[in-house]
Amino acid sequence: MQEDYINITLADDDEDDRLFFTDAFDEIKITTRVKTFNDGVYLMDYLNSKDATLPNVLFLDLNMPRKSGLECLKEIKQNPKFKDIAIAIYSTSASEEDIENTFVQGANIYIKKPSDFKTLKKVLSEVVTINWQYHTNSMNKDNFLLRF
Amino acid sequence: MKYFKNRKITVLFIFIVIMIGISFNSCDELIKSKKLENKKSELKTQAINENKNEAKLLLMLSKDNQEVINLTKALQEVINKDSIVDLAKKIEETHVQFAEDLQEVATDKLISIPNYPEAPLNKSIVNLTEEDKFKALNKLKSIIDNQLFILNKLSKTSNSKDFKTLIVKADSKINDSLNKTKNILNVLNTNS
Amino acid sequence: MIKTLSNNISFLRTTLYISAFVILVVGALTYRSITEVTKSSELITHTYKVNVELEQILSNLKDAETGQRGYIITKDSVFLEPYISGRSKINNSFAELKVLTKDDTILKESLIKVNSLINKRLLAFQTSYRSLPKGDIEDPNFIENFRNGRALMDSIRDNIKGIIKLQNNLLKQRRSEYESDLMATPLLLFSLLLCSLILMYVAYNSIYKNIKRLKATNEELEIFKESTNQSEIVSKHGSWTYNVKRDEFTYSDNLYRLLGEQPQSFKPTIENFLTYVHPDDVEKLTMQVEQMKENIELPYIYYRVVHKNGNIKHLKAYGKSVVNEDDETVLLGTTADITDEIISFRILEERNAELERNNKELSSFNYVASHDLQEPLRKIQTFLSRLIDEEEGKLSAKGNKYIDRIQNAATRMRLLIDDLLQFSRSNKADKVFEESNINLLLEAAKQDLAEVISAENAVITSDTFPTITVIPFQIQQLFVNLIGNAIKYRMEGKIPKINITHQIVEAENEDNIIKPKYSHYHKITFTDNGIGFDNQYADQIFVLFSRLHNKDQYSGTGIGLSICKKIVENHKGYITASGQPEKGAVFTVYLPIA
């Protein structure tokens, strides 16, 4: 889809995190359209709806009520309709288990939520500008966890 | 019956039974053999006595026989009547034969009897009176009688086969002689 | 011991039979010898008798001859007496001889010959005696007769002498036999006696020895029995036997005590025993006993009994079969009271379970706490940074200072939480050991510290490591902590140099290792040229939350080295440190080679 803006979606149950996210993208000099959802159910409902605009990059929090990020990831990867969506896991924890599971389920990148706003902006801009086609081919576990 | 299950006791029992049996047997044997021994020696002495008796009787018979022969020979010389002489001769012949039979038996039985035919005759009675003739005849008769008596005794006491045959053979003959002698006596008695 | 005794008995029996046989044989020989002797003497007597009779005949004949001569000389018929009686005497002798020689045909023939000669002689006597009254001794017939008579006499004498000689030879032969038999008999008797005596003595000896041995064994057995009884009481065991053929049990004294009863207080049957067994276990036990009777063995079985006073005891029983002297199979069994063990085991299990639960709770608490604490902290930090970005110019100097201080505190808290998280991760129960490429782990650790390493231009040299079986992420953490420390506590002005070496060492050669569990260890040393430390603190630095500097000099939580120690302990290894102030420090890690 060749648009001049990038479609970004975030699913996160934390209000503050959603605020940081949108503020960060506001300040990034990239043209983006950001959508946020409060939990996994809202996200999947939207994605599965008829006239949904599928995002280019989807940021998934892991610890969400009703439907966790991992479950959403599984569902998305099972649906061929969503094959072009690049999925970045956006989580507080950086436990081996979570990294492993999400890597195995086919997430494209794992981001540990930074505690500094400047770092956050840098990370987000990096992520959305990755050429995902190119990136996916050479993906391995070492590159999976984003280092900053 | 529990005891019999135990091998050892069974063996012991059998052993004791066998031992008792053997000891009874051997005692029995010993007693029997002793009896046998006694019987044997008894038989032996009996046989010896029998033999001695036979020998004695046979000797007496033979002596008597010789006397008879002598007497009859002498009588033949002194008697005139031919018929009596004939009788006498017959008697002599019988007794000579008897003497031979006796000798045969004697040799078989290892009894020694005098062999008279070879001994010469005693001629002392040739010249005798009539009375003496009668005496002689009577003597003859008693001797022959005696012979019969001895024969009888012999037949009673002897078990020997030879003797028995002899006795049977002789008995009738000697009886015959006795009769002949009696005849002679009668004839002579009627004559004188 | 029993075996040698029974061998002895059969040996004794064999000797008895052999000796009895020998004695019987010798006895039989002796008996035969005695009968032989009797027979021999009888034969001798017999021969003597024959000789005597023959001599008698000769003598009678001589008497007759002498008598005849006397008569010829004196003409007195008195002298004829021996001749007259001679014949009958000779006949008598022959009568005896006849019976004596009944079975000897040769002798009989000789006697017949002699008899005929004697007859001839007697006849010669008669002839000469008859012809004598002529009174003429000069008569040639008479002389002829006389001579003839003499010849006959000689012939008779010779014959009789011949017979006598024959008899004498026979006699001699029989005598020699008799002698030898005579010799043998007492010898045999004596040997018989000797045999019996020896046998008796040997038997007595053997029996005496056996009895003594038996006595000694019995005494030992008594002592043994007593000590077994004692040991049964002390170890809370009871023993029992089961005779397969007779279907009988025997119970030892202590087995009754295990049931809470007095020894031998009831008949040892399985029914009586089952009355004490816990109702839940009765069926199973009955089945097991049935099986035991079939298979003649009892594998380990467990069941409970209830004493009369209500106590429940746990018992364990085991039985093994043995074949005894009379070829009977007997099952020897032991029953042990394992109630105490079971109780302590249960208590132990409970405590363990409790501890594990506690541990798990603490662990998860630790983890969750650190994890959940991260969230608000992150928020604080992010908002702070935003605040600084947005409102920096608008705030007063005091305000800025306060914000700065807040940020510091937040950063410190973050460090603490990170370290706590690390600590809790090294606690996790499910640790997976893998054969890992240590070199890769080292590289990964260096990657984790990439920023700091490049910031300080730290130089890290290392040996090549072999593959070791470890928990990979923990070893990686170990490297991170130790290398991080080395760089953190660098000497000002010096470029931090860290050297990591590897060796395989023997446990007994290393003084650092106390009570090693393995014989060989990997020895990994981390040598740095940092500020070092005083050696007296070598043990203290591994204690949780313990620091040698305050937070203003060097940042730190005091958890890092405790984490290292925990990790090394997870691998059953050791970690030691030694330092020289202002020169540097050496950290040594020992990992066992299994």
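Over how many bridges do strand E4 (residues 312-323) and strand E5 (residues 329-337) of chain C pair? The two run antiparallel and share 9 bridges; strands here are DSSP runs of E of at least two residues, helices are runs of H or I of at least four, and both are numbered from the N terminus. Two strands count as paired if DSSP finds at least two bridges between them. Along this pair, C:Lys316 sits opposite C:Ala336 of E5(C).

A word on ground rules: this is a predicted model, where local features need pLDDT of at least 70, side-chain atom pairs count only at pLDDT 80 or more, and totals for chains, interfaces and linings use all residues. Residues are numbered from 1 along each chain as its sequence is written, while chains are lettered from A and ligands numbered from 1 in the order in which they are written.

Back to the sheet. E4(C) and E5(C) belong to an open sheet of 5 strands, ordered E2-E1-E5-E4-E3 in chain C and paired antiparallel. Its edges are strand E2 (248-251) and strand E3 (298-306) of chain C, each pairing on one side only. On average, neighbouring strands are turned by 25 degrees against each other, direction ignored. Helix H7 (residues 279-295) of chain C packs on this sheet and touches E3 and E4 of chain C, its direction making about 150 degrees with that of E3(C). Angles run from 0 to 180 degrees between N-to-C directions, with axes fitted to C-alpha atoms (for helices, over the stretch in contact); residues are in contact if their C-beta atoms, placed from the backbone, lie within 7 Å.

Chain C as a whole holds 13 helices and 12 strands. Among its contacts between residues at least 6 apart in sequence, 65% join residues at least 24 apart. Elsewhere in this chain, helix H12 (residues 472-488) packs with helix H13 (residues 560-570) at an angle of about 145 degrees, the axes being 9 Å apart. On the H12(C) side the contact includes C:Leu478 and C:Leu482, and on the H13(C) side C:Ile563 and C:Ile567 are among the residues involved.

Chain A meets chain C through 10 residues of its own and 12 of chain C. Helix H1 (15-27) and helix H5 (117-128) of chain A each give two or more residues to that side.

Terms used:
Contact = placed C-beta atoms within 7 Å.
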